[in-house]
Amino acid sequence: MVERISNEVLAAEVSDIGPELYSLSKGKREYIWQRDPRFWTSSSPLLFPNVGRQKNDSFIIGHRVYPIGIHGITRFLETTLCEKSENCLTFESRPTVQTLEAYPFDFRILSNFKIDGNTLSVYRTVFNSGNTLLPFCIGEHTGFCCDPSDALLRFELEEKTTRAVLNRDHYIGHDEEIALKNMPLNDSEFLRGAYILRSCRSAYVSLINKGREVLRVYRGNYPAIAIWRKTHAPFICIETVHGFDSDATDTEDLFAKKNLVTLCPKEQKTFIYSITLK
């Protein structure tokens, strides 16, 4: 089911699968990618408990192997609508028999979508409901409509950071130093895949289309950003993330993964990002 919220400026639609932002519009203009199967069938999935590909598509916990797909389990997870008002939605996610086969931990995620003026804010609060340490990575994979031939991303600050470059197996093969301020979005920029930035100083990244600032993505308390699109596709993904694909040298040991978040029993942590339309 898809739920809708709105105010005098914006309207947003959220699917209870994930939950996933399906639409963000201002007037008659749609800003979120609308899942054209020729290119990409998602809009803005929640990535949990892995961001990208896990080594050998599996975790080893103790002596058992748990198979898990790219970006984890929540993209396909049915949730419960807990609260709805004119401008706010809250969904609850919990493990199922199927998810426990891939990720054997007891967790609870509250996803809150709130619009205020020309801004949509998304809060993901992860609770450790179990009696053991809860390990995970988490991220947002939001696709925005644009004409890449006449678009660029503008970072708030000059970024001097590290780009993690994927190899043919979709693991991080090596890192390279990179400087970014204005980033073109043409096909040639993505011949080596996504721009995975190990860290980011900028509080926001602006999408500039046809010389005009269209929107800003504020990374909130996510420490890193990834940028991805498919060749010839009329969208760009700006991903706020805490965690990355496995390095080629990684093992399947979940607790040895870099940039892991860990919560003690009964502990919780909230991750926030927002989109401001111009």
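**Reading the fold from a predicted model**

This predicted model has one helix and 23 strands.

Me: What makes the protein agree with a compact globule?
Reply: Set the value against the rule. A compact globule of 278 residues would have a radius of gyration near 19 Å, and the protein has 18 Å, so the two agree. The C-alpha atoms fill a box of roughly 55 × 45 × 35 Å along the principal axes.

Me: Why are β8 and β9 called paired strands?
Reply: Pairing needs at least two bridges. Four bridges join β8 (residues 80–84) to β9 (residues 88–93), so the pair qualifies. The two strands run antiparallel. E83 stands opposite T90 in β9.

Me: How many residues count as buried, and by what cut-off?
Reply: Buried means under 20% relative accessible area. Buried residues make up 55% of the 278. The protein still exposes about 12,000 Å², with carbon and sulfur atoms supplying 49% of it.

Me: Which residues touch the most other members of the largest nonpolar core?
Reply: That core has 80 residues. F48, Y103, L120, V126, F136, F144 and I227 touch the most other members. In soluble globular proteins, nonpolar side chains tend to be buried together.

Me: How do you know that F48 touches Y103?
Reply: Contact means heavy atoms within 4.5 Å, so Y103 meets that cut-off. Among the other residues F48 touches are F107, I109, V126, F136 and I138. Residues up to four places away in sequence are not counted there.

Me: What share of contacts joins residues at least 24 apart?
Reply: The share is 64%, among contacts between residues at least 6 apart in sequence.

How values were computed:
Residues numbered from 1 in each chain as written. Predicted model: local features only at pLDDT ≥ 70, side-chain atom pairs only at ≥ 80, totals over all residues. Heavy atoms only, no water. Core = buried A, V, L, I, M, F, W, Y, C linked by side-chain atoms within 4.5 Å. Buried < 20%, exposed > 50% of the residue type's maximum accessible area, 1.4 Å probe, protein only. Rg over C-alpha atoms; globule rule 2.2 N^0.38 Å. Areas by Shrake-Rupley, 256 points an atom, 1.4 Å probe, with all protein chains shown as cover.
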